[in-house]
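Take a look at the chain shown below. We will walk through it from one end to the other.

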Amino acid sequence: MTDPNTPTPLAGDALELAKLRAGLTAGLTPEQSARLIGSTEDELTADAQTLAAEFSTTNPAPPAPRVGGPRGVDVTPAEGASAGAARYRRKAGLDEDGRRPQVPQRSGTERTANPFAAPSYTMS
């Protein structure tokens with residue numbers, strides 16, 4: 001004799017429908033609901049609640065890294081990108097327009113020929 005309080009195991013379409021009901025009630029998608037394990041509605045409901053707790057957003061994933069990687073030591077959030085660009089120009093010896101300043105020409109020196117070449121002949 002069977003106990004009338006003991007739930008009967010589900011099978012076939014009834015099992016699939018019970019999985020879907022338990023999963024949707026717990027906030028799972030139909031694809032996630034299909035993965036529930038159990039043969040009674042109580043077991044499926046308990047498994048659905050456990051699975052939903054695993055997918056909950058109480059522990060969100062860390063934010064995705066920024067495109068382009070870290071900004072480096074030249075740019076800090078307090079200063080901003082313009083301050084980092086100014087610091088780079090100073091380090092690289094650039095003017096405000098991003099150009100290198102012109103080097104003053106030496107006076108009193110002429111560059112007419114290679115100073116290391118020995119004169120071998122002259123043309124007349």
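Helices (H or I, at least four residues) and strands (E, at least two) are DSSP runs, numbered from the N terminus. This is a predicted model, in which local features need pLDDT of at least 70, side-chain atom pairs count only at pLDDT 80 or more, and totals for chains, interfaces and linings use all residues. Residues are numbered from 1 along each chain as its sequence is written, and side-chain values use heavy atoms, with hydrogens and water left out.

Start with the whole chain. The protein chain has 4 helices and 0 strands. From the N terminus on, its elements run α-α-α-α. Buried residues make up 13% of its 124 residues. Here buried means under 20% relative accessible area, exposed means over 50%, and partly exposed is in between (1.4 Å probe, protein chains only). The accessible surface of the chain comes to about 11100 Å². Of that surface, 56% belongs to carbon and sulfur atoms. Accessible areas come from the Shrake-Rupley method with a 1.4 Å probe; for residues, only the protein chains shown count as cover. Now take contacts, meaning heavy atoms within 4.5 Å. Among those between residues at least 6 apart in sequence, 26% join residues at least 24 apart.

Next comes helix 1. Leucine 24 lies in this helix. Leucine 24 is partly exposed, with a relative accessible area of 47%. Together with Leu17 and Leu20, Leu24 forms a nonpolar patch on the surface. The three have about 250 Å² of accessible area together. Such patches are made of residues with over 30% relative accessible area and no salt bridge; like charges are joined within 9 Å, and nonpolar side chains (Val, Leu, Ile, Met, Phe, Trp, Tyr) within 5 Å.

Move on to helix 2, residues 30-33, where serine 33 has its place. Is serine 33 buried or exposed? Serine 33 is buried, at a relative accessible area of 1%. Leaving out residues up to four places away in sequence, serine 33 touches Lys19, Leu20, Gly23, Leu24 and Leu28.

Helix 3 covers residues 41-54, 14 residues in all. From first C-alpha to last, helix 3 reaches 20 Å, close to the 20 Å expected at 1.5 Å a residue. The expected span is 1.5 Å times one less than the number of residues. Which residues of helix 3 are buried? They are Leu44, Ala48 and Ala52. These cover an arc of only 70° around the axis, which puts them on the same side of helix 3. The arc is that of the directions from the helix axis to the C-beta atoms. An α-helix has 3.6 residues a turn, so residues three or four places apart point the same way. On the other side of helix 3, Asp42, Gln49, Ala53 and Glu54 are exposed. What covers the buried residues of helix 3 includes helix 1 (12-26).

Helix 4, residues 81-92, has 12 residues. Helix 4 reaches 16 Å, close to the 16 Å expected. Just after helix 4, glycine 93 takes a positive phi of about 75°. Glycine 98 is also found in the segment after helix 4. Glycine 98 and alanine 86 are 12 residues apart in sequence and 9.6 Å apart in space, C-alpha to C-alpha.

Finish with charges. Side chains of opposite charge can pair when their charged atoms come close. The structure holds 2 salt bridges, each a side-chain nitrogen of Lys or Arg within 4 Å of a carboxyl oxygen of Asp or Glu. One joins arginine 89 and glutamate 96 at 3.3 Å, N to O. Glutamate 96 is exposed, at 66% relative accessibility. Another joins arginine 99 and aspartate 97 at 3.7 Å, N to O. Both arginine 99 and aspartate 97 are exposed.
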